[in-house]
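Subject: Structure for your study

Dear colleague,

Please find below the structure that I would like to hand over to you.

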Amino acid sequence: MTSQRISVPVFASDRPTIRNLAAVAAAGGIITLAGLIFDPGRIWPSILLAAYYVAGLSVAAGVFIALQYVSNAGWSVAFRRVPEAMVSAFPLGAVMLLVVMAGIPVLYEWSRADIVAADHILSAKTPWLNVPFFAARTVFYLAIWGWLLYKLSTTSRRQDADGDIRLTAANKRHSVVYIVAFAFTFTLASMDWIMSLEPHWYSTIFGIYNFCGVFLNGLAAIAVLAILLRRTGHFREVLTDVHLLNLGKLIFAFSTFWMYIWFSQYLLIWYANIPEEVVYMIRRQDGSWVVFTVVNVVFNWLIPFIVLLPRWTKRNDGLLLKVCIIIMIGHWIDLFWMILPPFMPAAPVVSAWEIGPPAFALPLFFMIVFRTLSRHNIVPVGDPMLVESLPRH
């Protein structure tokens with residue numbers, strides 16, 4: 001019945017766009033391969049950044065879907081195929097994170113026996129920070145996320161055929177499991193993959209800080225794709241200013257929450273003034289690194305806060321689109337700020353080695369998203385809550 005209320009167009013990827021994305025990905029891949037040959041010390045951190053970025057987009061989309069199911073929300077059903085398409089790109093991020101395992105000796109000082117033997121702090125952490133256990137945990141994180149994301153997306157698409165309400169109930173169960181499992185495993189994963197780059201330093205809120213950044217970036221990507229689909233006519237009868245308003249509220253809220261966690265971490269480190277903690281912030285405020293620190297805050301919080309504070313700006317697709325693109329750039333800056341300082345202690349350097357891996361990964365991510373959108377209904381026509389999400393005339 002719901003499918004008769006709207007005309008669901010078939011999504012077809014724009015061939016010039018796909019060719020351009022493929023060309024950028026090819027150029028990024030060539031740069032990445034060249035970096036592995038000529039400067040592995042510079043390229044491996046950027047590969048880790050790119051892998052974490054694209055994997056984060058997929059898992060954040062999964063969190064968004066799961067939250068809608070467990071809260072019994074109907075407003076987002078109309079554009080749920082957008083985050084589902086982002087979920088379909090998870091294998092790309094997972095494979096890249098597995099490839100990062102080959103760079104462990106370059107990235108993680110705790111993996112080098114000579115350094116560990118001379119450092120009693122690292123020696124004490126070897127039961128957790130050792131290569132076999134680190135690799136096993138990585139495989140475990142990726143396997144459990146991949147399985148649950150697969151269940152969420154495929155169950156939703158199966159519902160298009162018959163609208164069986166039992167499939168909605170099944171996805172609610174999958175969502176509960178995903179949220180609980182993700183909360184624990186993502187905290188550990190962010191500590192493993194990023195915090196252990198500087199194994200003498202630690203933060204008890206590092207996991208929630210990373211979640212805020214990843215989820216904010218995921219929300220921004222969902223909004224960008226949804227707005228572009230509306231502009232191309234595919235969501236003309238589906239996506240309204242009310243949907244944009246709700247997305248804008250979430251983006252505004254999590255941008256502010258990200259800033260709250262960022263400032264909490266900074267304030268506690270500054271106030272406690274413990275040597276093994278302050279070195280983290282000192283390194284990021286020394287010389288030109290302070291520019292990245294300021295730009296990080298400006299892109300991830302200050303601009304979104306100022307622009308999205310009025311109600312009308314959240315309903316304006318042009319302004320919201322620009323803010324979301326800024327946030328997506330800001331997340332790259334945030335990851336650069338977290339990952340690169342140990343490898344560039346003197347000053348941040350952005351060259352082909354830093355641009356190549358993201359230039360390879362992001363176009364591939366969007367190519368997978370567009371391919372998935374073209375293979376399935378871009379609106380979940382069998383979902384019984386679709387009527388609640390559709391415009392009312």
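Leu373 is placed in helix H16, residues 352-375; helices (H or I, at least four residues) and strands (E, at least two) are DSSP runs, numbered from the N terminus. This is a predicted model, in which local features need pLDDT of at least 70 and side-chain atom pairs count only at pLDDT 80 or more, while totals for chains, interfaces and linings use all residues. Residues are numbered from 1 along each chain as its sequence is written, and side-chain values use heavy atoms, with hydrogens and water left out.

Leu373 has a relative accessible area of 4% and is therefore buried. Buried means under 20% relative accessible area, exposed means over 50%, and partly exposed is in between (1.4 Å probe, protein chains only). Not counting residues up to four places away in sequence, Leu373 touches Phe11, Arg81, Ala85, Leu229 and Ile378, where contact means heavy atoms within 4.5 Å. Leu373 and Val297 are 76 residues apart in sequence, and their C-alpha atoms are 33 Å apart in space.

The whole protein

The protein has 17 helices and zero strands. Its radius of gyration is 21 Å, close to the 21 Å that the globule rule gives for 393 residues, so the protein is as compact as a globular protein of that length. That radius is taken over C-alpha atoms, and the globule rule is 2.2 Å times the number of residues to the power 0.38. Taken along the principal axes, the C-alpha atoms fill a box of roughly 70 × 40 × 40 Å. Of the 393 residues, 54% are buried. Among contacts with a separation of 6 or more, 82% are between residues 24 or more positions apart.

Helix H2 has 31 residues and reaches 44 Å from its first C-alpha to its last. This is close to the 45 Å expected at 1.5 Å a residue, the expected span being 1.5 Å times one less than the number of residues. H2 is mostly covered, with 26 of its 31 residues buried.

How do the axes of H2 and H10 cross? The axes of H2 (residues 40-70) and H10 (residues 206-231) come within 8 Å and cross at roughly 80°. Axes are lines fitted to C-alpha atoms, for helices over the stretch in contact, and angles run from 0 to 180 degrees between N-to-C directions. H2 and H10 are therefore roughly perpendicular to each other; angles under 35 degrees count as roughly parallel, over 145 as roughly antiparallel, 65 to 115 as roughly perpendicular and the rest as oblique.

Among the H2 residues in this contact are Tyr52, Gly56, Val63 and Phe64, and among those of H10 are Asn210, Phe211, Phe215 and Ile222. The residues of the contact divide into 15 nonpolar, four polar and no charged. Here Ala, Val, Leu, Ile, Met, Phe, Trp, Tyr, Cys and Pro count as nonpolar, Asp, Glu, Lys and Arg as charged, and the others, Gly among them, as polar.

Individual residues around H2

Phe215 is found in H10 and is buried, with a relative accessible area of 2%. Leaving aside neighbours within four places in sequence, Phe215 is in contact with Ala60, Val63, Phe64, Leu67 and Phe254. Phe215 and Phe64 are 151 residues apart in sequence, yet 8.1 Å apart in space, C-alpha to C-alpha.

Tyr178 lies in helix H9, residues 165-193, and is buried at a relative accessible area of 0%. Its contacts, not counting residues up to four places away in sequence, include Val59, Val63, Ala66 and Trp145. The C-alpha atoms of Tyr178 and Leu67 are separated by 9.7 Å, and the two residues are 111 apart along the chain.

Pro40 is in H2 and counts as partly exposed because its relative accessibility is 31%. Pro40 touches Gly35, Pro45 and Val106, not counting residues up to four places away in sequence.

Two asparagines in loops

Asn72 lies in the loop between H2 and helix H3 (81-87). Although Asn72 is not a glycine, it has a positive phi of about 55°. Asn72 is partly exposed, with a relative accessible area of 43%.

Asn273 lies in the loop between helix H11 (241-272) and helix H12 (275-285). Its phi is also positive, at about 60°, although Asn273 is not a glycine. At 56% relative accessibility, Asn273 counts as exposed.

A colleague
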